[in-house]
Amino acid sequence: MLSTSWSRLVTIVIILGICFRIINLGNKIYWVDEVATSLRVAGFTKQEIVAELSEQHLIDIKSLQKYQQINDDKNFEDTWQALTKSPEHAPLYFTLARIWTQWTGLSVITIRLLSVLLSLLALTCIYWLSQQLFPSTEVKWIAVCFLAVSPLYVAYAQEARPYSLWIVIILLSQIALIQALRSNTLINWILYGISLILSFYTSLLSFLIVIGQVIYVLSISNKKLFTQLFVVSIAVLAFSPWLIIMVNNWQLIQENTTWMNIPLNPGILFIVWLYSISTVFIETPLYPTLDAIIVIRLIVDLNFLILMLVSFYFLYKTTSKAVWLFFASQLLIPVLLLIAIDLCLGGQRSTAIRYLMPSYLLIHIALAYLFVNKILGQKRQRWKAILAVLLLIQISSCLFMSDKSPRYQKTRNLHNPAIAQIINQSTSPILLTEEPQILDAISLSYLIKAGTKFKLLNAQENLDFLIPEHQVFILKPSLSLLNHIRQQKLMTTQIYQPRLLIPEEIYLSLWKIEIKPS
């Protein structure tokens, strides 16, 4: 039973966590991945959009955003067909989102609300997992508090993507595994198998988590390893229909995930890894200049890393092998596997913080265990102060991000407001775009004024339809398009390019075509 002071703390923090997930839910950038979510849920594909828009002249925002809406011409079968065109994304979340939006309507707020509700369910699940690992009531509630106001998990709770669902299912699979190992009953192994199937159909990266779980069981109980491997095999077999779809569309998967293979300097990789761990607790402006703010952030990040290492060492020294190995296998193995893939094959998969979120969940529980034990010890006042500072940093970070999105989350679309502001200041604007940026154009359309016209350009399209009365913009034109425009005696000027963190960063720029009166 929690004391009055603990109860007040937990209540306040959880209420704040709920508020942070709801505030400005519909106002934050609806970035290209979320656009793709609405696209698939509505039953459209990018190829279909390109084919239709290539044959159309200037269209308005409403016509562009029709591909983000559910209509009578597109049924559930169309949604499924759209999902098979992007087989790198497992279908469970998008299927649930289709059912959800059939009831609520498909808008920015309604589809994000599904993620919010799932993220709140994750609070219950982390309480349950903590209960399986530790008897202390305080540990369970402090872990909930950490997750409730974690700026990383709050940010993704507001995103129309599968991550909130993935977190819930991974937590349930860990709970089911612990219960199955303890009781070794058929029903618990069945529940574990169901959780694995659901996790595979939510994210392909669940396989990394399961590898960690197999290594965990191998380390503590050889007798139950065969049973676990049998259950895992059944789960993989149940997932095989989607694996077949992936194999049949392998080339499409390669095209849709080209960003993963862009190599990064090992030094940059290390900095991103350190930064990504700290995002669990803190969010601050990020830019390439080494000034006082960045130095302070680096110092804070280093202290967070030390605190985490202390918590893991404390686990190792004070808990059973079954407990500390669970943390090691579920936190370290998935992360190390991603890092190893990048170091061996090249690429930047391990820099995508969203891929590491299920592993980072255990940081909350490890720190909760450390704080509760230290607060009950001799230096309780010092550890109470550290706990208060840590929660205050998390809450302050959530407040700081209440009207914006973190850079790691929205990537190239983080600069949509600046680009939209330039376009909105013009009269009779036209935005031209090529096929690779068509989803970015839809993302941008949520911020652009109603009178703006859009046009998807073909490779060698004549631009004689442009007149001086229009102010014509191009969204990140290719070099071939710029040369084609200049061949038509038109001048182009780059009017916006964001400040880049690294040269390899993917970004959107804005160019303008100067049209002289004839």
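A disulfide is taken here as a pair of cysteine sulfur atoms within 2.5 Å. By this rule the count for the structure, which is a predicted model, comes to zero disulfides. Cys 125 is accordingly in no disulfide, and the cysteine sulfur nearest to its own, that of Cys 145, is 16 Å away.

**Cysteines**

- Cys 125 is buried, with a relative accessible area of 4%.
- The sulfur of Cys 398 has its closest cysteine sulfur in Cys 19, at 11 Å, which is too far for a bond, given that a disulfide requires the two sulfur atoms to lie within 2.5 Å.
- Cys 398 is part of helix α19, which spans residues 380–400, and with a relative accessibility of 5% it counts as buried.
- When neighbours within four places in sequence are left aside, Cys 398 is in contact with Phe 20, Val 149, Ser 150, Pro 151 and Val 154.
- Between the C-alpha atoms of Cys 398 and Leu 302 there is a separation of 20 Å, the two residues being 96 residues apart along the chain.

**The largest cavity**

- The structure holds five cavities of 30 Å³ or more, and the largest cavity has a volume of about 80 Å³.
- The largest cavity is lined by 13 residues, of which Lys 28, Pro 151, Val 154, Ala 155 and Met 401 are the closest to its centre; among these, Pro 151 and Val 154 are also contacts of Cys 398.
- Helix α9 supplies the largest share of this lining, with three residues.
- By class, the lining of the largest cavity divides into nine nonpolar, two polar and two charged residues.

**The second largest pocket**

- The second largest pocket has a volume of about 570 Å³, and of the 24 residues that line it, Ile 277, Leu 309, Phe 312, Leu 331 and Leu 332 lie nearest its centre.
- Four helices, α15 (266–278), α16 (292–318), α17 (321–345) and α18 (353–375), each supply at least two residues of the lining of this pocket.
- The largest share of the lining of the second largest pocket comes from α17, which contributes eight residues.
- In terms of residue class, the lining of the second largest pocket has 22 nonpolar and two polar residues, and no charged residues.

- An α-helix has 3.6 residues a turn, so residues three or four places apart point the same way.
- In helix α3, which covers residues 46–53, the residues Ile 49, Val 50 and Leu 53 are buried. Seen down the axis of α3, these buried residues fall within an arc of 95°, so they line one face of the helix.
- The partners against which the buried residues of α3 pack are the helices α2 (32–42), α4 (61–65) and α22 (438–445), together with the strand β2 (453–456).
- In helix α21, which covers residues 416–424, the buried residues are Asn 416, Ile 419, Ala 420 and Ile 423. They cover an arc of only 100° around the axis, which puts them on the same side of α21.

**Other buried residues**

- Glu 159 lies in the loop between α9 (151–157) and α10 (163–183), and with 1% relative accessibility it counts as buried.
- Not counting residues up to four places away in sequence, Glu 159 touches Trp 31, Glu 34, Arg 112, Ser 115, Gln 409 and Lys 410.
- Gln 228 is found in helix α13, residues 225–248, and is buried, with a relative accessible area of 0%.
- With neighbours within four places in sequence left aside, Gln 228 is in contact with Leu 177, Trp 189, Tyr 192, Gln 213, Val 214 and Val 217.
- Val 10 is found in helix α1, residues 4–22, and counts as buried at 5% relative accessibility.
- Val 10 and Ala 148 are 138 residues apart in sequence, and their C-alpha atoms are 9.7 Å apart in space.

Methods: Residues are numbered from 1 along each chain as its sequence is written. This is a predicted model: local features need pLDDT of at least 70, side-chain atom pairs count only at pLDDT 80 or more; totals for chains, interfaces and linings use all residues. Side-chain values use heavy atoms; hydrogens and water are left out. Buried means under 20% relative accessible area, exposed over 50%, partly exposed in between (1.4 Å probe, protein chains only). The arc is that of the directions from the helix axis to the C-beta atoms. Contact means heavy atoms within 4.5 Å. On a 1 Å grid over the protein atoms alone, a cavity is a set of points where a 1.4 Å probe fits but cannot get out, and a pocket is an open set with protein on both sides within 12 Å along at least five of seven lines; lining residues have an atom within 4 Å of a point. Grid points are joined across faces, edges and corners, and a volume is the space filled by probe spheres set on the points. Ala, Val, Leu, Ile, Met, Phe, Trp, Tyr, Cys and Pro count as nonpolar, Asp, Glu, Lys and Arg as charged, and the others, Gly among them, as polar.
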